[in-house]
Amino acid sequence: MNSRPAPPPPLRPLSVAELDLDAPDGNVLSFRPAPGGPPLVGGGDVYALVRLRGRPAATVTGTVTEGQDPAEVLTALARERLAAAGTGSDAARLAARSRSAPEAAPPRTSVIVATRERPGSLARALDSLLAQDHPDHELIVVDNAPRTTDTRDLVTKEYAGRVRYVREDTPGLAGAHNTGAAAADGDVLAFTDDDVIADPHWLTALTEPFTADPGLGCATGLILPARLATPAQILLEAHGGFAKGFAPRLYDPAEPPADEPLFPFTAGSFGSGANMAFRAGALRKAGGFDRATGTGTPAKGGDDLYAFVAVLTAGFRLRYTPEALVWHHHRETWQDLRNQAYGYGAGLTAYLTATLVRSPRLLPALLARLPRGLAHARAMTASRGQTPGGVPGEHGTHHPWPRGLSRRERRGMLYGPIGYLAARTRGGTR
């Protein structure tokens, strides 16, 4: 017997802002609303990205009462947060660096945006991608199984000569990504979604590491919320959202990280599909994306996770770089969040199924890692449950995750292998 879904909890909306300091305890360089968000007016709760000379360093949440200066309130909280990190922290080192000393020139890059019937959000994303400071890149829009000509009309008329239009008639995000990759001419292939606003330095920060490290096969970046206006958006961000923190990290298959016992099968910790790039040769060697995964297929997700593991198991390194920032417009409604929870669960087990189906040699490695990995996961879950306070963007804090959403995710995990095999049966292979 199906019960009526529980209503969303009553949560106050938060404004989203950016605060830039010249040092962890330094002066304010700027304070402004996040791109695409409403102006900061009056009092209320504010979620802010803290930058150090433009570089993302932390997030803070504060309540601004009527008559207070939001910049002063958030600056005090930011200084406390950064001071708690210590003078030897990444934050202090970032403050000492300056973009006046640029890294090596980034490689020729193709930016690929797969979309379906969302011309309004696509236009917003394209405007931000056309404002990138990367010196050598192209933009490709892949129109996935379109029902109307709206996307084609937008790209070929409003963005003629600036954005290439490619059509892929088979539904599925992975297939659309493969089609975009086949049409691209870049040495590096960057992927993002049609519901983001990219920071002007996003593409340069995401692709510079490929020049410095010839063994790098993939790079991922920071994803923060563009708006926190509805309970669904707030809950998603309060329980991790898409952010992976503010510390750069290198994942090397030759030196597995000690704190991830299931590596490389912990693909969800590496990054997300809205902010990722691959060396074109590495992605080809790994076999590209598995077309039977991803949004738009019965598998419902997992295309990005599959690609991360495929590149790592092909012998390439993966780097997470928080300076490569995009602002993501989370889904707004409660039903959207319920669907997302189910899709996350399905995508997780679908990608694992895809990995083992396409690379059966990895099964012994996965089985050998399971006992220690499960023990690690139980310990992490227990510690999260005991953590008080916190801000959106930190797992398990600030707002309790509804049990109904956890059940939806578990049901999705049970369904994932079935969805993946159904997609393959329907011809959803590469």
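This is a predicted model: local features need pLDDT of at least 70, side-chain atom pairs count only at pLDDT 80 or more; totals for chains, interfaces and linings use all residues.
Residues are numbered from 1 along each chain as its sequence is written, and side-chain values use heavy atoms, with hydrogens and water left out.

**Exercise 1: The whole chain**

Work out how many helices and strands the chain has, and what share of its residues is buried.

Solution. Start with the rule: helices (H or I, at least four residues) and strands (E, at least two) are DSSP runs, numbered from the N terminus. That gives 12 helices and 13 strands. Next, buried means under 20% relative accessible area, exposed means over 50%, and partly exposed is in between (1.4 Å probe, protein chains only). By that rule, 53% of the 430 residues are buried.

**Exercise 2: Strand S8 and its neighbours**

Find which strands pair with S8, and in which sense.

Solution. First, the rule: two strands pair if DSSP finds at least two bridges between them. Strand S5 (residues 109-115) runs parallel to S8, and five bridges join them. One of the partners to look up is Ser110, which bridges to Leu189 in S8. Now take S12: its pairing with S8 is antiparallel, again over five bridges. Here Thr192 has Asn275 of S12 as its bridge partner.

Now look at the side chains. In a regular strand they alternate between the two faces of the sheet. In S8, Val188, Ala190 and Thr192 point one way, while Leu189 and Phe191 point the other way. Are these residues buried or exposed? Every one of them is buried, so S8 (residues 188-192) is mostly covered, with five of its five residues buried.

**Exercise 3: A pair of rings**

Classify the aromatic pair formed by Phe270 and Phe308.

Solution. A pair of aromatic rings is described by the distance of the centres and the angle of the planes. Rings of Phe, Tyr and Trp (its six-membered ring) pair if their centres lie within 6.5 Å; planes under 30 degrees apart count as stacked, over 60 as edge-to-face and the rest as tilted. The whole structure has 10 aromatic pairs. For Phe270 and Phe308, the centres are 6.5 Å apart and the planes make 65°, which is edge-to-face.

Then find them along the chain. Phe270 sits in the loop between strand S11 (249-251) and strand S12 (275-279), and Phe308 is in helix H9 (residues 303-313), 38 residues apart. Phe270 is buried at a relative accessible area of 0%, and Phe308 is buried at 0% too. Both rings also belong to a cluster linked by ring pairs, together with Phe191, Tyr251, Phe263, Phe278 and Phe289.

**Exercise 4: Two helices in contact**

Describe how helix H7 (residues 231-238) packs with helix H10 (residues 334-358).

Solution. Axes are lines fitted to C-alpha atoms, for helices over the stretch in contact, and angles run from 0 to 180 degrees between N-to-C directions. H7 and H10 pack at an angle of about 30°, their axes 8 Å apart. Contact means heavy atoms within 4.5 Å. H7 brings Ala232, Leu235 and Leu236, and H10 brings Trp334, Leu337, Gln340 and Tyr344.

Last step: sort them. Ala, Val, Leu, Ile, Met, Phe, Trp, Tyr, Cys and Pro count as nonpolar, Asp, Glu, Lys and Arg as charged, and the others, Gly among them, as polar. You get six nonpolar, one polar and no charged.
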